[in-house]
Amino acid sequence: MKRIILLTILSVAAALLIACGNNSESGDTKRDANEVRIGYFPNMTHIATIVALEKGFYQEALGEDIKITTKTFSDGSSFMEAMSTDAIDLGTVGPTPALNTYIKHPKHAIISGAVNGGAVLVVRGDSDIQSVKDLAGKKVAIPTFGSTQDVGLMKSLKDAGLKVQSSGGDVITVKQAPADTAALILKGELDAAATQEPWGVNIETTANAKVLLDEKEFAWGTESTNTVVVAQTNFTEANPELTKKALKAHIKAVEFINENPEEAIDLFLNHIKDITGKELSKEEVTKAFTRLTPTTNVNEDVIKEMATISKEAGYINSDDIDGLVNLKYLEEALNE
């Protein structure tokens, strides 16, 4: 009888050890990763990821033995949820969703920059809005609450002495998908939009809107880190070499875009058509491209200010983001 009990205990213990070994929290399942899962948005500000995929830079850097899978997202919240639930390993997203999630679940890090600028504030062409102060009492579209554009709008409003309604001010922010914003502005249901490219140009063209703050004036201007590369900490710690290889592909894409802008634009247009079935205007996309800067740089001061604004808005309860930015893999990739 004692022997049976002992065998049962040992069996249970062994099962528990196996379960622990397969737990994604431990990172053990990724120690010999044979797959890298990449997330991104079908937006101009994610052009570095798109070019790296289209040119085969990721596959070339990671090697033929590594399977690459991709997933697209419409907003930062869904991207960060996917990362938090171990659905993706790395990818590009706005810094604000990354920091908002980090405060609640610090299981990822910003490991590189991707794009600076690339966001604008547009207003109805037939409106009497001539300055940011004229937005008082107006409805302004944002991609989603807590997005980088949402926080960027708060920054621009704050500089003009205004606040959004939810923070005791009188500027009304409305969550609206960028693809649908032009139609609502044209109908007069929205007065303005804080958005990323190429939607800024699209709203200008389709809704006959005008730019109130261009990429040099909106939020932190050209110093604003708009898009970053974020990765699961479990993945990077368990797979440092794969992480560096992925970053080498990203670096190569950034360099390629800056050296070959016309080809990069064509790659972007073809990619968007392939995954969405929609054909964007080359003229609009080319104009949008001039409003952003592909880069691996990360402006940590701007990200810290973003955290403070997010806290003031009630999106997070702390602006302590120590550890969020980890550029050691990028530095090693650049130096190898």
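Glu204 is buried, because its relative accessible area is 15%, where buried means under 20% relative accessible area, exposed over 50% and partly exposed in between, computed with a 1.4 Å probe on protein chains only. The side chains of Glu204 and Lys287 meet in a salt bridge at 3.5 Å, N to O, a salt bridge being a side-chain nitrogen of Lys or Arg within 4 Å of a carboxyl oxygen of Asp or Glu. Because Glu204 lies in helix H8 (residues 199-206) and Lys287 in helix H12 (residues 282-289), the pair ties together parts that are 83 residues apart in sequence. Helices (H or I, at least four residues) and strands (E, at least two) are DSSP runs, numbered from the N terminus.

This is a predicted model, in which local features need pLDDT of at least 70 and side-chain atom pairs count only at pLDDT 80 or more, while totals for chains, interfaces and linings use all residues. Residues are numbered from 1 along each chain as its sequence is written, and side-chain values use heavy atoms, with hydrogens and water left out.

**Charged side chains**

Side chains of opposite charge can pair when their charged atoms come close. A search of the whole structure finds 19 salt bridges, and one of them joins the side chains of Asp89 and Arg37 at 2.8 Å, N to O. Since Asp89 lies in the loop between helix H4 (76-84) and strand S3 (90-93), and Arg37 in strand S1 (residues 35-40), this pair ties together parts that are 52 residues apart in sequence. Both Asp89 and Arg37 are buried.

A further salt bridge is formed by Glu60 with Lys252, where the closest N and O atoms are 3.2 Å apart. This pair links distant parts of the chain, with Glu60 in helix H3 (residues 57-62) and Lys252 in helix H10 (residues 240-259), 192 residues apart. Glu60 counts as exposed because its relative accessibility is 54%, whereas Lys252, at 35% relative accessibility, counts as partly exposed. Salt bridges that share partners also join Glu241, Lys244, Lys248, Glu332 and Glu336 into one network.

Which side chain of opposite charge is nearest to Glu284? It is Lys287, at 9.1 Å, and Glu284 is buried yet has no salt bridge; here Lys and Arg count as positive and Asp and Glu as negative, while His and the chain ends are not counted. Glu284 is found in helix H12, and Glu284 touches Val201, Asn202 and Thr205, not counting residues up to four places away in sequence, where contact means heavy atoms within 4.5 Å.

**A covered helix**

Helix H5 (residues 95-104) is mostly covered, since nine of its ten residues are buried. Among the buried residues of H5 are Pro95, Leu99 and Tyr102, and what covers the buried residues of H5 includes H4, S3, strand S4 (108-117), helix H6, strand S10 and helix H13 (300-312).

**Cavities and pockets**

On a 1 Å grid over the protein atoms alone, a cavity is a set of points where a 1.4 Å probe fits but cannot get out, and a pocket is an open set with protein on both sides within 12 Å along at least five of seven lines; lining residues have an atom within 4 Å of a point. Grid points are joined across faces, edges and corners, and a volume is the space filled by probe spheres set on the points. By this rule there are four cavities of 30 Å³ or more.

| Space | Volume |
|---|---|
| Largest cavity | about 150 Å³ |
| Second largest cavity | about 80 Å³ |
| Largest pocket | about 380 Å³ |
| Second largest pocket | about 230 Å³ |

The largest cavity is lined by 19 residues, of which Phe41, Gly76, Gly94, Gln149 and Gln196 lie nearest its centre. Its lining divides into five nonpolar, 13 polar and one charged residue, where Ala, Val, Leu, Ile, Met, Phe, Trp, Tyr, Cys and Pro count as nonpolar, Asp, Glu, Lys and Arg as charged, and the others, Gly among them, as polar. Helix H6 (148-159) and strand S10 (225-232) each supply at least two residues of this lining.

For the second largest pocket, 15 residues form the lining, and Ser77, Pro97, Asn100, Thr101 and Lys104 lie nearest its centre. H4 gives the most to the lining of this pocket, with five residues.
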